[in-house]
Amino acid sequence: MTVPAAFSKLSLSDDMPPTPAPSSPRTGRTYSLATELVYTEHSDQYNSSSMPLYQTATFKQTSNAGGAEYDYTRSGNPTRSHLEKHLAKIMRARRALVVSSGMGAMDVISRMLRPGDEVIAGDDLYGGTHRLLKYLSTHGGIIVHHVDTTSVDAVLPVLNEKTAMVLLETPTNPLIKIVDIPGIAAAAKAANPNTIVAVDNTMMSPILLNPLELGADIVYESGTKYLSGHHDLMAGVIAVNDAALGEKLYFTINASGCGLAPFDCWLLLRGIKTLGVRMEKQQANAQRIAEFLEGQGFKVRYPGLKSHPQYDLHWSMARGAGAVLSFETGNVGVSERIVEAARLWAISVSFGCVNSLISMPCRMSHASIDKKTREERQLPEDLIRLCVGIEDVDDLIDDLQTALVQAGAVTITPNGMRAGVPPEVEAELAAAAAQH
Ligand SMILES: *Cc1c(COP(=O)(O)O)cnc(C)c1O
């Protein structure tokens, strides 16, 4: 039997620090990701089925000189180690590290930069990433180039020997544009072999995309989203194949004390077990909803639709389309009404939860980007983002349809509903706006 390239690097008996036990049956068979997600094995003295929670800050030593496997939880904790080992396997990496949030992960990675280093990042980035890069450029002497990373040609002119890091995110959010990870990684390495290509994989999760196999040096994601799946914890995950790079990142985590707390590690271990089934259902629901909206005539952005301009590029890298999509109504006031009229869809930032969420990015998650910049990046003010959960899909569509009708986002014709704000609704909204 041939071992897939991803697993050839992964010796389960490896002494990957700091780790208590392998978590895969060593039968010689290579299991699929869906199986690996749920199968865990550890060396608990009572053979507990679930990895025990070591809710302790310190570990007693048997000798004056210390030297036990664990001594202090900032440096290492068995529950955290087990989670890291499990994640390394799932993320097809040699080493995984967990920290207190997705932004914490980005912070740890960015501490490898020195004054004068250049960073290339997207222009449709997660807002928090944008904010941290801004801070680094004003306080750390880092030069940040924001370019449209969904076009390799836009990246090429800014690459040079001072490019220390390239930060990618695909699909982008909320415009759902696709980044050519292999194309950009190859170009970046050609410009400077020491450049670090880091990919934020939060939107896809390891079940759908493995950036390390596409030329990335570091993959990180917010464990707050799909990995945990229930919006009941915050976590960040970093994975690498290069052992020295892993040691550097671990040094920063231990030095700054941002390792994930044992209880959150334990909760995340539980969440990860259902990642496969959650994503399968969320993605199937998202596909139905995207087709429903497109069928009504709305402009929908979702890589599961053949109409997506980068459909082929997305599927050349990923195993699924994910569960986040966005659509336009043509009228900001109508979009606001839809969001407020929805009942099943909670108005909330974030995504990756079992519950379905609805939001207007320009009013919420991306409101920190000023209006002029939003215009430059062609971020439609009326854009509605849907983050699809695991509810019954007919209930979700029914709720959305009711909201569309109540908000006046559709015109009722003898042949059914069509996207388009009727003139009387336009006039009503304009009059209401004029009163303010
Ligand atoms: C949420 C998110 C982050 C930040 O993660 P936190 O856990 O909220 O700190 C980073 N990148 C993307 C794409 C995200 O969606």
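**Backbone exceptions, ligand site and a helix pair**

Arg92 sits in the loop that runs between helix H3 (78–90) and strand S1 (95–99); helices (H or I, at least four residues) and strands (E, at least two) are DSSP runs, numbered from the N terminus. The model is predicted: local features need pLDDT of at least 70, side-chain atom pairs count only at pLDDT 80 or more, and totals for chains, interfaces and linings use all residues. Residues are numbered from 1 along each chain as its sequence is written, and side-chain values use heavy atoms, with hydrogens and water left out.

**Backbone**

- Although Arg92 is not a glycine, its phi is positive, at about 55°.
- Thr170 and Pro171 are joined by a cis peptide bond with omega of about -15°, and Pro171 belongs to the loop between strand S4 (163–169) and helix H7 (181–191).
- A cis peptide bond also runs from Asn173 to Pro174, with omega near 10°; Pro174 is likewise placed in the loop between S4 and H7.
- Most residues other than glycine have a negative phi, and most peptide bonds are trans.

**Ligand site**

- The ligand is surrounded by 13 residues, the closest being Met103, Asp200, Ser222, Thr224 and Lys225 (a residue counts if one of its heavy atoms lies within 4 Å).
- A polar backbone atom of Gly102 is 2.9 Å from an oxygen atom of the ligand; a polar contact is a pair of N or O atoms within 3.5 Å.
- An N or O atom in the side chain of Thr224 is 2.6 Å from a ligand oxygen atom.
- For Lys225, a polar side-chain atom lies 2.6 Å from an oxygen atom of the ligand.
- Of the 380 Å² of accessible area that the ligand has on its own, the protein covers 95% (Shrake-Rupley method, 1.4 Å probe).

**Helices H12 and H15**

- The axes of H12 (residues 332–341) and H15 (residues 423–435) come within 9 Å and cross at roughly 95°; axes are lines fitted to C-alpha atoms over the stretch in contact, and angles run from 0 to 180 degrees between N-to-C directions.
- H12 and H15 are therefore roughly perpendicular to each other (65 to 115 degrees; under 35 is roughly parallel, over 145 roughly antiparallel, the rest oblique).
- Gly333, Val334 and Arg337 in H12 meet Val425, Glu428 and Leu429 in H15, where contact means heavy atoms within 4.5 Å.

Definitions and conventions: A polar contact is a pair of N or O atoms within 3.5 Å; within protein, one must be able to donate a hydrogen and the other to accept it, and residues adjacent in sequence count only if both atoms are side-chain atoms.
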